[in-house]
Amino acid sequence: LQAALKVDEFCNGVDDVMSPVSATFAEKDEDKKLAIRKMLTETTIPRYLSALEKLVAGKFTTGDAVTIADLRVYCMVGSVKSGVIDGIPTDLTDSYTKLSSVYEAVGNIPQVKAWNEAHA
């Protein structure tokens, strides 16, 4: 049960980071959208990334085994790094070394590499 709760905690944390960003896609005024995203990158997102960073418990989010939480972190960090979200700096997650390590570890899983190559 403890492991499942940790996975849930990470998944909810990823939602806390990405939900406010996702909500900005509905904003029609481009200047307002970018202003909201700037505010998010200066306040909300770092707060939640810092909280998630403190929870990383090993090579992966909850230890040495891959869970859905790791895939969620991988997708979150990848979305930021991709540059597809205007106004969100691509290096925003770089200073979170544990989350970055999880991103790298998941990205190096052969099945994830194969999926990425097939969908490039």
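**Close-ups of a cavity and a nonpolar core**

**View 1. The structure holds one cavity of 30 Å³ or more.** Keep in mind that this is a predicted model. The largest cavity comes out at a volume of about 60 Å³. As for how such a space turns up, rolling a probe the size of a water molecule over the atoms shows where empty space is left.

**View 2. Here are the residues that line the largest cavity: Val17, Met18, Val21, Ile45, Leu49, Met76, Val80, Ile85, Ile88, Leu92 and Thr93.** Two or more lining residues come from each of α1 (2-23), α3 (44-55) and α4 (68-82). α1 has the largest share, with three residues. Sorted by class, the lining is made up of 10 nonpolar residues and one polar residue, with no charged ones.

**View 3. Next up is the largest nonpolar core, a set of 30 residues.** Ile45, Val73 and Met76 are the ones touching the most other members. The elements that put two or more residues into this core are α1, α3, α4 and α5 (97-107). Of these, α1 gives the most, with seven residues. As general background, nonpolar side chains tend to be buried together in soluble globular proteins.

**View 4. Last, a look at Ile45 and what it touches.** Leaving aside residues up to four places away in sequence, Ile45 touches Val17, Val21, Leu40, Ile88 and Leu92. Ile45 also belongs to the cavity lining, as do Val17, Val21, Ile88 and Leu92. In the core, Ile45 is among the residues that touch the most other members.

Conventions:
Residues numbered from 1 in each chain as written. Predicted model: local features only at pLDDT ≥ 70, side-chain atom pairs only at ≥ 80, totals over all residues. Heavy atoms only, no water. 1 Å grid on protein atoms, 1.4 Å probe; cavity = no way out; pocket = protein on both sides within 12 Å on 5 of 7 lines; lining within 4 Å. Points joined across faces, edges and corners; volume = space filled by probe spheres on them. Helix = DSSP H or I, 4+ residues; strand = E, 2+ residues; numbered from the N terminus. Nonpolar A, V, L, I, M, F, W, Y, C, P; charged D, E, K, R; others polar. Core = buried A, V, L, I, M, F, W, Y, C linked by side-chain atoms within 4.5 Å. Buried < 20%, exposed > 50% of the residue type's maximum accessible area, 1.4 Å probe, protein only. Contact = heavy atoms within 4.5 Å.
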